[in-house]
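Dear colleague,

Please find below the sequence and structure that I am handing over to you. My notes on what was found follow directly after.

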Amino acid sequence: MRLAVLHGPNLRLLGRREPEVYGTETLDSIGGRLHELAKELGVELEIHQSNHEGELLDLIENAAERVAGFVVNAGALTHTSVALRDALVGVGKPFVEVHLSNTTAREAFRQRSYLAPVAHGVVLGFGGDSYLLGLRGLVTHLYQTS
Ligand code: DQA
């Protein structure tokens, strides 16, 4: 089984971006931990980051041909992008929405997610561990339904 992790805008800055909100772990470090967990769970993983909405849509469309599901931190696009939601629904693969911070405890504009209502699950507020929890949950779900 192959899965994809998608990081949206500004997540390449992790480690130095607002460390009081997002912590000090870098995207590479999270990626390393995700690959280790994937090995433990017996799944293959591909990881992508883009600052561009259209590129994320293309990634979803292309990756959907080879993956069983997605772990998605869409960054700010979570709160704005109908197109991203439509792409994820359109490819018909389950996905888990993850965020490093607990977005529901932050500014009002971060409290609406266009993705959450169509996600299989949502993980908020555990820093880099949110991705790992999301991956575990997605793999369990996929094994249960395959
Ligand atoms: C974030 C939360 C978003 O509101 C923000 O725009 C981000 C990071 C998180 O992981 O906590 O870029 O997705």
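Axes here are lines fitted to C-alpha atoms, for helices over the stretch in contact, and angles run from 0 to 180 degrees between N-to-C directions. Helices (H or I, at least four residues) and strands (E, at least two) are DSSP runs, numbered from the N terminus. The model is a predicted one, in which local features need pLDDT of at least 70 and side-chain atom pairs count only at pLDDT 80 or more, while totals for chains, interfaces and linings use all residues. Residues are numbered from 1 along each chain as its sequence is written, and side-chain values use heavy atoms, with hydrogens and water left out.

I begin with the sheet. Five strands form an open sheet in the order β2-β1-β3-β4-β5, with parallel pairing (two strands pair if DSSP finds at least two bridges between them). β2 (44-49) and β5 (121-124) are the edge strands; each has a single partner, so one side of each is left without a neighbour in the sheet. From one strand to the next, the twist averages 15°. Strand β3 (residues 69-73) is joined to strand β4 (residues 95-99) by three bridges, and valine 72 stands opposite glutamate 97 in β4.

Helix α2 (residues 27-41) packs on this sheet and touches β1 (2-7) and β2, where contact means heavy atoms within 4.5 Å. The direction of α2 makes about 165° with that of β2.

Next come the helix pairs. Two packed helices are described by the angle between their axes and the distance between the axes. α2 packs with helix α5 (residues 129-145) at an angle of about 25°, their axes being 10 Å apart. The two are therefore roughly parallel to each other (angles under 35 degrees count as such). Among the residues of α2 that take part are Ile30, Leu34 and Leu37, and those of α5 include Leu132, Leu135 and Val139. This contact of α2 with α5 comprises 10 nonpolar, no polar and four charged residues (Ala, Val, Leu, Ile, Met, Phe, Trp, Tyr, Cys and Pro count as nonpolar, Asp, Glu, Lys and Arg as charged, and the others, Gly among them, as polar).

For helix α3 (residues 53-63) and helix α4 (residues 82-91), the angle is about 5° and the axes lie 9 Å apart. That makes α3 roughly parallel to α4. Their contact has eight nonpolar, no polar and two charged residues.

Yours sincerely

Definitions and conventions
Parallel < 35°, antiparallel > 145°, perpendicular 65-115°, else oblique.
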